[in-house]
Amino acid sequence: MIVHRHIPTDRARRKRPGFVLIIVLVVLVVLTLGAYTFTELMQTHRVATELSGRQVQARLLVDSGVDAVRLFLMHSPEQQAELGGHFYNEYEFKARNVIPDLDMAMNGNYTVLAPLIDDMGNLAAVRYGLEDESSRLNLNILIMADQLVSDGGRTLLMALPGMNDDIADAILDWMDEDDESRPYGAERDYYERLDPPYTTKNGPLDTVEELLLIRGVTPQLLFGKDTNRNGMVDAHEIGPQSTANAMDPLAMASLTDETYDPLTEGSLDRGWSGYLTLYSQELNANEAGEQRIYLNGDDLQLLHEDLEATFGTEVANFVIAYRQADGNYSGDEDGVQANVIEVDLLTEATRTIGQVLDLVDARLEFPSPDGDGMIVLNSPFPLLGLGAYVDAMMDNMSINDSPTIPGRLNINQAPRSLLMGIPGISEEIVEGILSNRVQDPGGMGLTPQKHETWLMTALVVTSIDEMKALQPFICAGGDVYRAQIVGYFEGGSASSRVEIVVDRTTPTTRVVFWRDLSHLGRGYPLSVLGYTYTDGAPGALGGSPMMPAVNQ
């Protein structure tokens, strides 16, 4: 058997090396693409890691800002004023550098901001400073307001833009201790019929957002158009839909063309949340930080010593005599000064002092020093000449021994709508407040308005009885502050934003409210937040110090 073996031709032999080359090239291309993809993936991971690290740093920049605010508020009011004050302070609160870098884009700063609200409650701009929490209505004093004045709580609530009787009574029913429904309210029986059912709080609120559980309160009413919570209405937040949804049907029904008054109803741009708080309070202390003299203390000897050391013998004697007297003298007999008498400090007091201003122009009957009948004591605080002593009275005297006074409204900064809700106030007084008040307590060259009684010295209120009726609801400034703090890199690579409320009524200032807003974005353009160096000045930025509402 003959086997024929096929011998490849030269042409066939030449084909094989070319085919192998193609395979090698394909393998090289695949390997190259794989290496490129791997390199690209590693680069992406590197960038992601850097961004993640900068995001962590941005959060730490915010923490630096929070601690800086706490430290600033630990200073006395006089020291704060020397540092530029808390209302608007570009040096302390704008573009404070924490992470310096030769690459300007990598400079890490924090900026502290608060909304600038005009007299009508509209968002006018943003400022570098802190917002006095007492410029907002404290929801948890509403029930106490009802006890002081008939329907006082409802009167305060009705000042909110878009509020109506149904929602106001429902809020009060939610907070009061009973299960009896108010005329327009809703109690336990209403909420237990809902799906799913729940019950009323019958106590103070824990958060402002808890209002959303109450009948008639909607997210549109509570939060308004400021969806990114930066205290400004940006271009993307303005539109027919946002305007139409600003109020629910119940609220719109109460605001017809005939009844709506923009001067009194205020603005819903920020919603009710921009008008409300749970934290406002004031220190019951004088300017030196010392506890005020408690006029209603049982130890009359200690009371006399404290008053004598601060005001002198005449005031000390008169206050003790006032506490021991059955009532005031209303006759026409001429009186004498209280420094001509000696008071028996072992005799118990028969009455308490309802307000510090009760001492103004008061007259008392007191046993004559010679034992012959009674004499009339004139108050060392005559109504004529009130301006000479009223600040000292308000700064050093108190009718309660609590270390703080909660919930009064700051007439120097509260918007007109909230002022109109103060029980017993008139439109004339509100206009006088708006015309004469000083919003910035550290304003240079302006008359200080440290106490609410400036209303009398400025002749906004001319009746002592009217002033005493307003005083339980008003103050000239609180000791709890709100702000937004943004930590950011000047190149815009990362940022973090929080809203805080800081309480300085304790020996060490403390953060009582913290909300992370980072998921809503930086909130402000870099031009508003500021740069470390502009025109060679740290934290400087040209243009108006009050930055207008601008779109990011």
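Start by selecting Pro 161: this residue is buried, because its relative accessible area is 2%. Here, buried means under 20% relative accessible area, exposed over 50%, and partly exposed in between, with a 1.4 Å probe and protein chains only. Before moving on, note that this is a predicted model, where local features need pLDDT of at least 70, side-chain atom pairs count only at pLDDT 80 or more, and totals for chains, interfaces and linings use all residues. Residues are numbered from 1 along each chain as its sequence is written, and side-chain values use heavy atoms, with hydrogens and water left out.

Pro 161 sits in the loop between helix H5 (152-157) and H6. Helices (H or I, at least four residues) and strands (E, at least two) are DSSP runs, numbered from the N terminus. Pro 161 and Tyr 275 are 114 residues apart in sequence, yet their C-alpha atoms are 9.5 Å apart in space.

**Aromatic rings**

How many aromatic pairs does the structure hold? There are nine. Select Trp 174 and Tyr 191 to see an edge-to-face pair, 5.2 Å centre to centre with 80 degrees between the planes. Rings of Phe, Tyr and Trp (its six-membered ring) pair if their centres lie within 6.5 Å; planes under 30 degrees apart count as stacked, over 60 as edge-to-face and the rest as tilted. This pair links distant parts of the chain, with Trp 174 in helix H6 (residues 165-175) and Tyr 191 in helix H7 (residues 188-191), 17 residues apart. Both Trp 174 and Tyr 191 are buried.

Next, pick Phe 311 and Phe 381. Their ring centres are 6.4 Å apart and their planes stand at 90 degrees, so this pair is edge-to-face. Phe 311 belongs to helix H12, while Phe 381 is in the loop between strand E10 (374-378) and helix H14 (390-396), 70 residues apart.

To finish with the rings, select Trp 174, Tyr 190, Tyr 191 and Tyr 198, which form one aromatic cluster.

**Salt bridges**

A salt bridge is a side-chain nitrogen of Lys or Arg within 4 Å of a carboxyl oxygen of Asp or Glu. By this rule there are 26 salt bridges.

- Asp 173 and Arg 182: the closest N and O atoms are 3.4 Å apart, and Asp 173 is buried at 0% relative accessible area.
- Lys 468 and Asp 465: the closest N and O atoms are 4.0 Å apart. Both residues lie in helix H18 (residues 464-470), three residues apart, about one turn of the helix.
- Arg 510 and Asp 503: the closest N and O atoms are 3.3 Å apart. Arg 510 is partly exposed at 42%, while Asp 503 is buried at 1%.

**Out on the surface**

Last stop: select Phe 19, Val 20, Leu 21, Ile 23, Val 24, Leu 25, Val 27, Leu 28 and Leu 31. Together they form a nonpolar surface patch with about 830 Å² of accessible area. Patches are made of residues with over 30% relative accessible area and no salt bridge, with like charges joined within 9 Å and nonpolar side chains (Val, Leu, Ile, Met, Phe, Trp, Tyr) within 5 Å. Accessible areas come from the Shrake-Rupley method with a 1.4 Å probe; for residues, only the protein chains shown count as cover. Leu 28 lies in helix H1 (residues 10-73) and is partly exposed at 45%.
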